[in-house]
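Here are a few friendly notes to read with the model open beside you. Take the points in order and find each residue as you go.

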Amino acid sequence: MHTKISDLILALSCGIITVLSFPKFNLSFFCWISLIPLLFIILEKSPKQSFLLGLLAGFSFYATLIYWIPSVPSHYGGISVGLSFIIYIIFALFLALFWAFFSFLSSIINKFYPKLVFLVIPFLWVSFEYILTHFLTGFPWGLLGYTQTKNIFFIQLASITGVYGLSFILVFFQSMFVFSMKFRKKSPFLLALTLILIIHIIGYINLKNIEPSRKSFSASVIQGNVSSDIYWDKISYDKIFSIFKQHLDLSRQGYTQGAQLIIWPEFSVPLCFSCPYGIYQEFQKSLLGFVKNTGCTLVLGTNEIKETQTNVSYYNTALCLSPNLSMTHYYKMHLVPFGEYTPYKKIFSFIEKMTHAIGDVTPGNEYTLHEFNGMKFGSPICYEIIFPDLVRKFTKKGANFLVTITNDGWYGKTSAPYQHFSIAVMRAVENRRFLLRAATTGISGIIDPYGRILSKSSLETKDILIDVITPLNRLTFYSRYGDVLPWISLTLCILFLILTLKKRRN
């Protein structure tokens with residue numbers, strides 16, 4: 001069967017319609033139907049044709065979802081607009097391979113298991129989402145489950161399966177619809193509808209208001225709205241001090257309104273507690289005086305250094321400063337590729353030579369927990385929040401609530417900050433923990449353990465958010481056991497591929 005122009009248009013539109021389900025479009029219903037045309041066409045084509053159609057659909061999806069990528073290296077990295085665009089196209093094509101191989105394998109399995117393939121399809125999709133999370137440096141930005149963060153009843157499933165379970169149900173529903181249409185049987189589709197209804201009912205039953213306990217406390221998130229266009233080595237001392245004072249003034253406002261824990265964003269002020277010179281010492285002295293006089297605890301985004309006789313290491317750090325002047329440091333472990341370091345230097349060293357924007361940050365190696373009033377909390381930094389298993393490990397280690405600091409100023413008013421925020425919502429639900437998010441230019445927010453947004457800032461505004469946080473102890477199934485569903489999916493798909501290859505050989 002030949003590939004028609006209508007097939008190409010359908011594949012292209014599938015990717016674009018799926019993107020409309022994500023922030024900031026927020027047409028989340030589209031994700032319940034957007035893959036249906038793709039499933040119809042790839043199951044009627046040869047594996048090669050399905051691969052190309054899947055590649056087209058995946059490319060249209062990622063090219064639209066991450067349209068903001070080219071502006072970052074061109075604006076902040078000194079790379080030409082043309083080269084930035086080429087990098088963006090290559091990256092989108094690479095990510096599109098996930099859709100392409102999904103379509104390819106679905107087509108192969110369909111030839112030998114034309115009915116069972118519809119049950120395998122959601123497992124196959126989850127397998128590739130999991131591979132995308134971990135392959136090379138990983139980039140699980142556009143997982144389907146993130147489209148549903150406003151569907152509070154439905155997303156409670158994530159406390160058992162992680163975000164992958166939401167993706168599974170979305171694809172399962174569409175797969176059963178295609179099955180029912182193709183074989184003219186209503187029961188599979190009705191089964192899918194019943195399952196979705198049950199999930200929503202269970203989510204509604206489990207949804208609870210968190211009653212404050214004797215351990216509850218007020219916390220404040222500071223958003224200073226510091227532009228990413230500012231380079232600390234190129235502005236005056238007076239300007240830097242003014243930005244620092246602004247954050248300190250906002251912190252005092254938080255304190256006067258009852259906040260006991262105050263959180264500053266990543267890279268909002270040049271702070272380094274291991275740098276015994278210049279402006280760093282002045283800022284350190286002021287911050288030590290603030291926590292000592294107020295009794296507040298501060299969480300700060302800092303850049304720390306460790307020096308040896310032969311080497312200097314730089315760490316992107318979440319530092320917790322307590323009223324007794326003690327400090328704990330969490331060093332960011334999963335760094336941003338081509339932003340904070342160059343991965344696979346033997347292959348990509350040429351990119352380093354073309355831009356000044358790639359840092360030389362050293363990754364941390366420990367899930368360090370901070371302490372506040374006898375309670376523990378984890379502090380994944382910026383990009384790390386998109387990795388479900390990484391955040392889960394803070395909770396499993398004993399975190400009673402979560403804090404994340406980030407700098408999304410690089411992306412301006414594009415959809416990226418909205419997408420990043422929705423991902424943080426999912427981490428709160430997966431782990432049943434309050435999550436406080438401090439973003440340099442926004443979006444900052446305080447999220448409860450069920451994904452309800454208690455307070456939220458706007459983009460590119462100065463703001464201060466305050467709410468009551470209740471530390472929690474119980475581990476969810478996902479926090480305790482992790483990515484069970486993806487491993488089941490991978491195992492099942494490998495088994496079906498083996499059976500398919502065996503049938504093909506016979």
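1. Leaving aside its neighbours within four places in sequence, which residues is Trp99 in contact with? They are Gly15, Thr18, Leu35, Leu38, Gly54, Ala57, Gly58, Phe61, Tyr62 and Trp125, where contact means heavy atoms within 4.5 Å.

2. A word on the source: this is a predicted model, in which local features need pLDDT of at least 70 and side-chain atom pairs count only at pLDDT 80 or more, while totals for chains, interfaces and linings use all residues. Residues are numbered from 1 along each chain as its sequence is written, and side-chain values use heavy atoms, with hydrogens and water left out.

3. Trp99 is also among the residues with the most contacts inside the largest nonpolar core, which has 117 residues. Such a core is a set of buried Ala, Val, Leu, Ile, Met, Phe, Trp, Tyr and Cys residues joined through side-chain atoms within 4.5 Å; buried means under 20% relative accessible area, exposed over 50%, and partly exposed in between (1.4 Å probe, protein chains only). A second, separate core of 25 residues includes Ile222 and Leu288.

4. Now look for charges: the structure holds 10 salt bridges, each a side-chain nitrogen of Lys or Arg within 4 Å of a carboxyl oxygen of Asp or Glu. Asp7 and Lys45 form one of them, at 2.7 Å from N to O. Asp7 is buried at 7%, and Lys45 is buried at 5%.

5. Another salt bridge joins Arg437 and Asp408, with their closest N and O atoms 2.9 Å apart. Arg437 is buried, at 1% relative accessibility, and Asp408 is buried with a relative accessible area of 1%.
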